[in-house]
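Subject: Structure handover

Hello,

Here is the structure we discussed, with the sequence alongside.

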Amino acid sequence: MDFRAVLLDQTRAFGELIASGDPATPVPSCPDWTLKQLFRHVGRGNRWAAQIIEDRRHTELDPREVPDGKPPDDPDGAMAWLNDGAELVVKAVDRVGADAKVWTFLGPKPAGWWIRRRVHEVTVHRADAALALGVDYELSSELAADAISEWLERVCVEATKYHRVPVDRGQSVHLHATDDGLGPTGEWTVVNDEEGIWWSHNHGKGSVAVRGPAKDLLLLTTRRSTVADLGLQVFGDTAVWDGWLERTPF
């Protein structure tokens, strides 16, 4: 997958969707935010990541210190600001090299890591905008599946780093995408055993299992919707799934 192109495309689609609504529209899946605040969050987030990469930072950057961190007031200028921010991330990685180590909230990572992270940031926030506006949310099964994988990587690292335990010892969660063509990349198993919290694309029976389209599994795991609203199948101990959701905020 060409994450550089996907970042630009998803950012453009996100901006066009928000531009179709009233900026003051509340975003229920991001409490206390409006579409205007969601737009600024994504746009500034890209410029924040780009600055971290450009400066080859090894310490966190305060988002308030990001140059041009607020969009212009005029709609056309705001849209250009958003899309330019995504391009800044790509250009910064190209300048320093994809393998150059920089700061991330999960520890030092290659600069190229940020492109994929920002892809899935805007992918999920585009869902927030769609939910706020009451319009359909479309996403390819391949991109949705990768977003789930990226999210689980983050959950497992943070579980170790910050002692956040999404599933109790001896328990496991299995997700199974029903889309055609995903193969092993459409299954995920998260385990808490003697090795700690880890995940794989292994097929297996979890303490709880959820089946459905990858896009819906993404909305579910990032707490943008519910099993009932999405019509997903759940097998096993539902209390394990409820605990997972409580302990893994996006």
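Arg223 is found in the loop that runs between helix H6 (214-221) and helix H7 (227-230). Please keep in mind that this is a predicted model. The phi angle of Arg223 is positive, near 65 degrees, and the residue is not a glycine. Most residues other than glycine have a negative phi. Arg223 counts as partly exposed because its relative accessibility is 40%, which falls between the 20% and 50% cut-offs.

Asp32 also has a positive phi, about 75 degrees, without being a glycine. This residue sits in the loop between helix H1 (3-19) and H2. With a relative accessible area of 77%, Asp32 is exposed.

Next, Asp193, which belongs to strand S4 (residues 187-193). Asp193 is buried and yet has no salt bridge. The nearest side chain of opposite charge is that of Arg169, at 5.9 Å, whereas a salt bridge requires a distance within 4 Å. What does the side chain of Asp193 reach at 2.8 Å? It is the backbone nitrogen of Glu195. The side chain of Asp193 also makes a polar contact of 3.1 Å with the side chain of Trp198. Setting aside residues up to four places away in sequence, Asp193 touches Arg169 and Trp198.

Asp168 is placed in the loop between helix H5 (141-161) and strand S3 (172-177). Its relative accessible area is 35%, so Asp168 is partly exposed. Beyond its neighbours within four places in sequence, Asp168 is in contact with Asn192 and Arg247. With Arg247 there is a polar contact between the side chains, at 3.0 Å. The C-alpha atom of Asp168 is 9.3 Å from that of Ile197, a residue 29 positions apart along the chain.

Last, the largest pocket. The space in it comes to about 640 Å³. Its lining is made up of 25 residues, and those nearest the centre are Trp33, His41, Glu121, His125 and Arg154. Which helices each supply at least two residues of this lining? They are helix H2 (35-54), helix H4 (113-133) and H5. H2 gives the largest share, with 6 residues.

Regards

Key
Residues are numbered from 1 along each chain as its sequence is written. This is a predicted model: local features need pLDDT of at least 70, side-chain atom pairs count only at pLDDT 80 or more; totals for chains, interfaces and linings use all residues. Side-chain values use heavy atoms; hydrogens and water are left out. Helices (H or I, at least four residues) and strands (E, at least two) are DSSP runs, numbered from the N terminus. Buried means under 20% relative accessible area, exposed over 50%, partly exposed in between (1.4 Å probe, protein chains only). Lys and Arg count as positive and Asp and Glu as negative; His and the chain ends are not counted. A polar contact is a pair of N or O atoms within 3.5 Å; within protein, one must be able to donate a hydrogen and the other to accept it, and residues adjacent in sequence count only if both atoms are side-chain atoms. Contact means heavy atoms within 4.5 Å. On a 1 Å grid over the protein atoms alone, a cavity is a set of points where a 1.4 Å probe fits but cannot get out, and a pocket is an open set with protein on both sides within 12 Å along at least five of seven lines; lining residues have an atom within 4 Å of a point. Grid points are joined across faces, edges and corners, and a volume is the space filled by probe spheres set on the points.
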